[in-house]
Amino acid sequence: MGIELRKIVPHPPSIAEPPCPAGTRSMKRTDIPTIGRLFSKVFRSRDGAAGQDLCRYIEAVFFGSPFYAPEQGSIVHENGNGDIDSAILSLPMEFDARGRRLVARLLCAFMVDGKAGAAGAARLARSVRAARQDLCFSDSSSPVSADHCVAGGGVILPIQSLEWQRFLRPLAAAAVLAGRRIPILRAPLVVGALRLIDGATRRLSPSSKPPRMPGCRVQTASPCEFLRCAAPMLERFSLRPAWSKSEFDWLVTVASMNETLGALQCRKVLREDGRTIGAFLFFGRPKGMASVLNVICDEGREADVTAAMFACLDAEGYAVATGMAQPFLMNAISRQRWLCFRHRGYFCIVTRHADIREAVLSGDIYIGGLASESWSRLLTDF
C-alpha cells in the first residue's frame, strides 16, 4: 500500500489590515447621514442620528445648485479608519469679477469632531487658502475660522460682519429679537400686548416711526422683477453676483424653504413718474421681524430707497427690520432713528487674484443676502 507524502505549509501569522490613508476628498451623497450627525453634534450639541428633514435639506442645498461639481462642492476629511472627522459644507455661486465670470465657493459650515478631528480640520483649512482659490467666502465665521482665513491670505470685511437692526415698534421688537433664544417671548400674546404699548408710545413720541420719502412709492413685485432690476443696478460694482436666471430661481427656491423667517417677498421702489429706482428682497413674519436679504438701487438713490423701504415695512406692521450692513448703504442706513448694529459673525474672503483682492479692500463689491448664507435654514433651524 503506497504512502502519499504531502508538503505541510504552515499558516502565515495573522496580520491586521493596514489602516486607510487619511486625507481630504469631495463629499458624496452617501456621506449625508454622517454629515448631518456631525452638524447636529457640533452646532446643536445633539449626538445622534440626523433627522430626515436635515438630510434632505443638505442634499437639496449642497448637491442641487446649477453650478454643482465635486471640485466646487463640500469637502470632508477621513481619518486612518476611514471615518469622517471634519468637513466643510460648500456651495458654488457664480460671480462677475472685473469683467470675467468665475464660480466662487460659499463656505457654510466648518465642522470638527472634537480633538480627534483637529488634524483633519487643519488639512481642510489649508485646502481653502487664498493661493488655491479664485474666490472663496463665508459670512458667518467664528473667531477661530476668521483667524484661519487671515493666516491663509484672506481678508475680513468688518462692515459686512455687522447686522443693522431698525426698531419700528421697540418693545415688541425687543421681544421678537430675544425670542431667537427664548421662544416664549415671541408668543403672539406677549408680542401683542407689547405692540399695544408701542402704539401708545408712538403717538406720544413719533420718532420711532420712519418718515415717508416724498416722491417715492413702494410696490409689490415678483422675484423675477427683482432680478430684472438687479443687472443694471449692480453694474457699478467690480465684484457682484452674476445671478443667471437658472441660479437665481434655484436660490429663491431653496431660500423659500426657510419658513422660520417667514415668507420670501419682494418690493420695488418707484419715483412718481413710474421709474424704478430700487428694490429689496426680504423674509417677513407678520407683526414680527422683516429679515432683509438684498437691497439694490440706482447709484445716488440709496437714501431714497432705504427710507422708502423702512416706511413700507413699518406700514406693513413689522416690529423690527434687520439686514446685513453694506458699505454703499451705510450712510443712508445710519440716518435712521432707533437703529443699532451688532456683530453677526465674521465675513471672510480669500482669493488668489490681486484685482479681486483690491476690489474687496476698497469696498467695490456687492455681496450678501442671496449671494451669501443669510437665507439658509442651517443658521436658524434644525
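User: What makes the charged end of Arg377 sit over the ring of Tyr57?

Analyst: The charged end of Arg377 is 5.2 Å from the centre of the Tyr57 ring. A charge sits over a ring if NZ of Lys or CZ of Arg is within 6 Å of the ring centre and within 35 degrees of the ring normal. The contact between Arg377 and Tyr57 is therefore counted under this rule. This is a predicted model, in which local features need pLDDT of at least 70 and side-chain atom pairs count only at pLDDT 80 or more, while totals for chains, interfaces and linings use all residues. Residues are numbered from 1 along each chain as its sequence is written, and side-chain values use heavy atoms, with hydrogens and water left out.

User: How many aromatic pairs does a search of the whole structure find, and why is the pair of Phe39 and Phe43 called tilted?

Analyst: The search finds 14 aromatic pairs. The ring centres of Phe39 and Phe43 are 5.2 Å apart and the planes stand at 45°, so this pair is tilted. Rings of Phe, Tyr and Trp (its six-membered ring) pair if their centres lie within 6.5 Å; planes under 30 degrees apart count as stacked, over 60 as edge-to-face and the rest as tilted. Phe39 and Phe43 are four residues apart in helix α1 (residues 32–44), which means about one helical turn separates them. Helices (H or I, at least four residues) and strands (E, at least two) are DSSP runs, numbered from the N terminus.

User: Why is Phe39 called buried, and why does Phe43 count as partly exposed?

Analyst: Buried means under 20% relative accessible area, exposed over 50% and partly exposed in between (1.4 Å probe, protein chains only). Phe39 has 3% relative accessibility and so counts as buried, whereas Phe43, at 36%, counts as partly exposed.

User: What makes the pair of Phe328 and Tyr366 tilted?

Analyst: The ring centres of Phe328 and Tyr366 are 5.8 Å apart and the planes are at 55°, so the pair is tilted. Phe328 lies in the loop between β13 (320–324) and α10 (330–333), and Tyr366 in the loop between α11 (354–362) and α12 (377–380), so the pair ties together parts that are 38 residues apart in sequence.

User: Are Phe328 and Tyr366 buried or exposed?

Analyst: Phe328 is buried, since its relative accessible area is 18%. Tyr366 also counts as buried, at 1% relative accessibility.

User: Which residues do ring pairs link into a cluster?

Analyst: The cluster consists of Phe95, Phe137 and Phe347.
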